[in-house]
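Welcome, and thank you for opening the viewer.

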Amino acid sequence: MIQIFTTGGTIEGLDYVDGKGITQSSVTIETFLEKANVDFEYAVESVFKKDSRAIDEKDIQLLVQRIRNANSTKILITHGTFTMEDTAKYIGKLNLKKTIVLVGSFILGSSADTDAPFNLGYAISSLQLLKPDVYIAMNGQVLLWNNVSKNLETNKFERNE
Ligand SMILES: NC(=O)C[C@H](N)C(=O)O
């Protein structure tokens with residue numbers, strides 16, 4: 001069984017508009033999975049719904065608690081890209097002995113040309129094959145929590161070396 005924890009970000013169609021805060025959208029991770037007609041067991045639970053720049057220590061602790069309490073050893077976390085790397089590092093250091101993959105999108109999940117379905121499919125496939133640890137699956141790559149950086153110029157996650 002794959003446990004999916006959602007936390008907000010562009011992948012859920014949340015857009016941050018300067019001065020106006022977060023705009024809401026009707027896009028959900030469930031919608032993407034239903035559209036893809038997937039045939040594996042999963043459960044989706046929203047932990048919080050934030051632009052990742054607004055995630056604080058309390059939010060992360062809540063997320064960690066949910067991961068610890070989950071029966072599943074395969075965890076997918078959907079997350080905004082701005083601070084995905086920080087959350088991956090925080091969780092990675094805890095050595096939770098589960099396979100945990102973080103994924104997001106660069107283009108709004110509610111937009112027709114979004115990268116969300118591709119990224120989700122890639123991340124879920126990786127999650128099923130990877131050994132326990134914490135990873136970021138973005139740009140068609142799997143990156144380990146302690147060897148990943150986001151390149152703000154290319155909008156890609158990359159290995160540090
Ligand atoms: N691409 C993104 O997900 C950026 C986003 N606004 C965030 O929550 O980090």
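Two strands count as paired here if DSSP finds at least two bridges between them. Strands themselves (E, at least two residues) and helices (H or I, at least four residues) are DSSP runs, numbered from the N terminus. What you see is a predicted model, in which local features need pLDDT of at least 70, side-chain atom pairs count only at pLDDT 80 or more, and totals for chains, interfaces and linings use all residues. Residues are numbered from 1 along each chain as its sequence is written, and side-chain values use heavy atoms, with hydrogens and water left out.

**Confidence**

Colour the model by pLDDT, the predictor's confidence in each residue, from 0 to 100. The chain has a mean pLDDT of 93, and 94% of its residues reach 70 or more. For the complex, the predictor gives an ipTM of 0.95 and a pTM of 0.94.

**Stop 1: the sheet**

Now select the strands S4, S1, S5, S6, S7 and S8. In that order they make up an open sheet of 6 strands with mixed pairing. S4 (42-46) and S8 stand at the edges, each with a single partner strand, so one side of each has no neighbour in the sheet. From one strand to the next, the twist averages 25°. Angles run from 0 to 180 degrees between N-to-C directions, and axes are lines fitted to C-alpha atoms, for helices over the stretch in contact.

Zoom in on S5 next. S1 and S5 run parallel and are joined by 5 bridges, with Phe5 opposite Ile77 in S5. S5 also pairs with S6 in the parallel sense, over 5 bridges, and there Ile77 stands opposite Leu102 in S6. Is S5 largely enclosed or open? It is largely enclosed by the rest of the structure, because 4 of its 5 residues are buried. Buried means under 20% relative accessible area, exposed means over 50%, and partly exposed lies in between (1.4 Å probe, protein chains only).

Move along to S6 (residues 99-103). S6 and S7 run parallel and are joined by 4 bridges, and Val101 stands opposite Tyr135 in S7.

**Stop 2: helices across the sheet**

**Stop 3: the nonpolar core**

Show side chains. A nonpolar core is a set of buried Ala, Val, Leu, Ile, Met, Phe, Trp, Tyr and Cys residues joined through side-chain atoms within 4.5 Å. Which residues of the largest core touch the most other members? Among its 41 residues, they are Ile67, Leu76, Ile91 and Ile100. At least two residues of this core come from each of S1, H1 (29-35), H2 (57-69), S5, H3, S6, H4 and S7.

Select Ile67 and look around it. Leaving aside residues up to four places away in sequence, Ile67 touches Phe5, Ile75, Ile77, Ile91, Leu96, Lys98 and Ile100. Contact here means heavy atoms within 4.5 Å.

**Stop 4: salt bridges**

A salt bridge is a side-chain nitrogen of Lys or Arg within 4 Å of a carboxyl oxygen of Asp or Glu. The whole structure has 5 of them.

- Select Lys49 and Glu12, whose closest N and O atoms are 4.0 Å apart in a salt bridge. Lys49 is in the loop between S4 and H2 and Glu12 in the loop between S1 and S2 (15-17), so the pair ties together parts 37 residues apart in sequence. Lys49 is partly exposed at 40% relative accessibility, whereas Glu12 is buried at 4%.
- Select Arg66 and Glu45, a salt bridge with its closest N and O atoms 2.5 Å apart. This pair links distant parts of the chain, Arg66 in H2 and Glu45 in S4, 21 residues apart. Arg66 is partly exposed at 25%, and Glu45 is partly exposed at 31%.
- Select Lys50 and Asp59, whose side chains meet in a salt bridge (2.7 Å, N to O). Lys50 is partly exposed at 23%, while Asp59 is buried at 10%.

**Last stop: two asparagines**

Most residues other than glycine have a negative phi. Select Asn139, in the loop between S7 (133-138) and S8 (141-144): its phi is positive, near 55°. Asn139 is partly exposed at 30% relative accessibility. Finish at Asn155, in the loop between S9 (149-151) and S10 (156-158). Asn155 has a positive phi of about 55° and is partly exposed, with a relative accessible area of 37%.
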